[in-house]
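These are my notebook entries on one protein model. I set down what I looked up, entry by entry.

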Amino acid sequence: SLRAEFVKQTSWAVPMTISAAILYLHFMSPLQAGLATAQALLDDKAKEDMGRDAFVLRVEKRSGSPLTIAKPWTIGGEETKWASRIDDLSTQVFGANDEGCSSRFLYKASELLEPFALPEKDCSQKLDAVDMIPVLAAEYLRGPGALLDISWNEAIDRMTELYQLCRWEPKETGRKQDRLLQPEALPLIRFLAQAKGVK
C-alpha cells in the first residue's frame, strides 16, 4: 500500500507516519469546497481525533448526512489492515442477487448500533455494544445471510468484523471524545460497493 511504501522509504531517517483523507463527492459539487473539506477531515479527524497515522473516509451525497469513518493504520504497532478490509467487506456482506436486501440490512444494523455510539454514564447495568453482535447476526440471517445460506457461526464472524469496523479506536495521542462507535461505517461500505458496481 501507499502507506507501507512511505514508511519503508522514510524509516532509514526519522521514523515518520502518514495520515490520509479520502472524500467522495458528487461530480457536480464545487471542487474548492471539496478540497477544503478534505483538508479539514485530514486535520480534524485523522490527525487530531485519531492521533495521527490514521485515515478517514467520507461520502457526501447530494442529500442526507455525510457518512464518515476514521480508523488507525496501526494499533500497538500492529497493522490493522482496515484500508483493504473495508474494500473486501463492501463485497462480502451482500447477498446473492438482492442488493436491496443488503442495503436494508446495513441501514438497519447502523440504526441498531446507534444507541451504543455514546456510553451511558448513569446506568450501572447496561447492554454493551459488543453484546449487539448476536442481534446483528440474527438480523443478517433474516436478510442477506439467508440468500447465501450462511451458518450461525459464520454470521457471528461476519458481524464481529462489522462491529470491529464500527469501533471508534483513536490512539492515546488522539483527542479525547466520549464516543464508542461510528455506526455510519455500515452505510458507507454500501456506498463503496455501489461505486464498484457490486450487484
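**Entry 1: F55 and W73**

I looked up F55 and W73 and found both of them buried, where buried means under 20% relative accessible area, exposed over 50%, and partly exposed in between, with a 1.4 Å probe and protein chains only. I note that the model is predicted, that local features need pLDDT of at least 70 and side-chain atom pairs pLDDT 80 or more, and that totals for chains, interfaces and linings use all residues. Residues are numbered from 1 along each chain as its sequence is written, and side-chain values use heavy atoms, with hydrogens and water left out.

**Entry 2: the chain as a whole**

I counted eight helices and five strands in the chain. Helices (H or I, at least four residues) and strands (E, at least two) are DSSP runs, numbered from the N terminus. In sequence order the pattern reads α-β-α-β-β-β-β-α-α-α-α-α-α. Of the 199 residues, 41% count as buried. I then took up contacts, meaning heavy atoms within 4.5 Å. Among contacts in the chain with a separation of 6 or more, 60% come from residues 24 or more positions apart.

**Entry 3: aromatic pairs**

I searched for aromatic pairs and the structure holds three. Rings of Phe, Tyr and Trp (its six-membered ring) pair if their centres lie within 6.5 Å; planes under 30 degrees apart count as stacked, over 60 as edge-to-face and the rest as tilted. One of the pairs is Y24 with F191, which is edge-to-face at 5.4 Å centre to centre and 70 degrees between the planes. Y24 belongs to strand 1 and F191 to helix 8 (residues 185-195), so this pair ties together parts 167 residues apart in sequence. Y24 counts as partly exposed because its relative accessibility is 30%. F191 is also assigned as partly exposed, at 22% relative accessibility.

I returned to F55 and W73, which form a tilted pair with 4.8 Å centre to centre and 45 degrees between the planes. F55 lies in strand 2 and W73 in the loop between strand 3 (67-72) and strand 4 (74-75), so the pair ties together parts that are 18 residues apart in sequence.

I also looked for a charge over a ring, which requires NZ of Lys or CZ of Arg within 6 Å of the ring centre and within 35 degrees of the ring normal. The charged end of R179 sits over the ring of W168, 4.4 Å from the ring centre.

**Entry 4: the largest pocket**

Which residues lie nearest the centre of the largest pocket? They are I22, F55, W73, A83 and S84, out of 21 lining residues. On a 1 Å grid over the protein atoms alone, a pocket is an open set of points where a 1.4 Å probe fits, with protein on both sides within 12 Å along at least five of seven lines; lining residues have an atom within 4 Å of a point. Helix 1 (2-10), strand 1 (20-25), strand 2 (54-60) and helix 3 (82-92) are the elements that give two or more residues to this lining. Helix 3 gives the most, with five residues.

The volume of the largest pocket is about 410 Å³, a volume being the space filled by probe spheres set on grid points that are joined across faces, edges and corners. By class, I recorded 13 nonpolar, three polar and five charged residues in the lining. Ala, Val, Leu, Ile, Met, Phe, Trp, Tyr, Cys and Pro count as nonpolar, Asp, Glu, Lys and Arg as charged, and the others, Gly among them, as polar.

I found helix 8 mostly covered, with eight of its eleven residues buried. Among them are A185, L186, P187 and L188.

I next looked up S110, which lies in helix 4 (residues 99-113). S110 counts as buried because its relative accessibility is 10%. Leaving aside neighbours within four places in sequence, S110 is in contact with P183, E184, L186 and P187.

**Entry 5: positive phi**

D53 is placed in the loop between helix 2 (31-49) and strand 2, and at 6% relative accessibility D53 counts as buried.

K81 likewise has a positive phi, of about 60 degrees, although it is not a glycine. K81 lies in the loop between strand 5 (78-79) and helix 3. Its relative accessible area is 48%, so K81 is partly exposed.
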